[in-house]
Amino acid sequence: MTDQPHASAPRPSGTYGAIPPALWIITLTTLAPFPAAAIAYGWGAPDVARPALTVILNWSGCVLAFLGGVRWGLESGRAEPRPLRLIISVLSPVVAWAILFSRHRIPDGWVIGGCIAAFLAQWLFDHQAPDVPARYPRLSTTITAAACISLAVCLDQALKTGHV
């Protein structure tokens with residue numbers, strides 16, 4: 001699977017690795033909860049900080065599940081899907097669910113660290129994946145960077161407040 005269209009399809013202007021503005025708008029809108037929640041948790045009043053941590057952790061779970069779904073869609077669209085890649089794609093939402101389920105059972109720092117690790121593992125999986133559209137690694141990197149930087153702000157705050 002590549003970004004190359006069928007030979008009979010009209011060729012749009014630009015390169016096939018180019019990311020259309022609509023995809024950037026959707027990606028950046030989807031990322032907005034990460035820095036907003038991280039700022040609220042890192043520097044907000046206590047009555048804002050705790051709910052902000054819930055927001056960023058829940059949003060992390062949603063985005064991790066989405067990334068797994070994207071990977072599933074790319075793989076299942078192949079003429080002969082590779083079973084191992086499909087299984088690994090399903091692991092992303094399962095791991096996200098397990099991380100969210102662990103909240104209030106283990107310290108927040110570990111939950112936040114688990115989210116960071118899950119995003120990085122998903123990113124590594126996506127970047128070694130063969131046969132993906134050229135734009136996919138750039139979009140995946142943007143999502144992962146925004147999530148991990150925001151989660152790192154939360155982890156720093158959790159370490160400072162002793163919620164580790």
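Predicted model: local features only at pLDDT ≥ 70, side-chain atom pairs only at ≥ 80, totals over all residues.
Side chains of opposite charge can pair when their charged atoms come close. The structure holds 7 salt bridges. One of them joins Asp108 to Arg50, with 2.7 Å between the closest N and O atoms. This pair connects distant parts of the chain. Asp108 belongs to helix α5, which covers residues 108-127, and Arg50 belongs to helix α3, which covers residues 46-76. The two residues are 58 residues apart. Asp108 has a relative accessible area of 6% and is buried. Arg50 is partly exposed, at 30% relative accessibility.

Asp108 also forms a salt bridge with Arg103, at 3.3 Å from N to O. Here both partners, Asp108 and Arg103, are buried.

A further salt bridge pairs Arg78 with Glu75. Their closest N and O atoms lie 3.4 Å apart. The relative accessibility of Glu75 is 1%, so this residue counts as buried. Arg78 reaches 24% and therefore counts as partly exposed. Both residues take part in a network of salt bridges that links Glu75, Arg78, Arg82 and Arg85.

The cysteines were examined next. A disulfide is a covalent bond between the sulfur atoms of two cysteines. The model contains 0 disulfides by the distance rule applied. For Cys154, the closest cysteine sulfur is that of Cys115. The distance is 9.6 Å, which is too far for a bond. The cut-off for a disulfide is 2.5 Å between sulfur atoms. Cys154 is buried, with a relative accessible area of 0%. Cys62, at 44% relative accessibility, is partly exposed.

Attention then turned to open space in the model. Rolling a probe the size of a water molecule over the atoms shows where empty space is left.

Three helices, α1 (21-31), α3 and α6 (135-161), each contribute at least two residues to the lining of the largest pocket. Helix α6 provides the largest share, with 5 residues. By residue class, the lining comprises 10 nonpolar, 3 polar and 2 charged residues.

Definitions and conventions. Residues numbered from 1 in each chain as written. Heavy atoms only, no water. Salt bridge = Lys/Arg side-chain N within 4 Å of Asp/Glu carboxyl O. Helix = DSSP H or I, 4+ residues; strand = E, 2+ residues; numbered from the N terminus. Buried < 20%, exposed > 50% of the residue type's maximum accessible area, 1.4 Å probe, protein only. Nonpolar A, V, L, I, M, F, W, Y, C, P; charged D, E, K, R; others polar.
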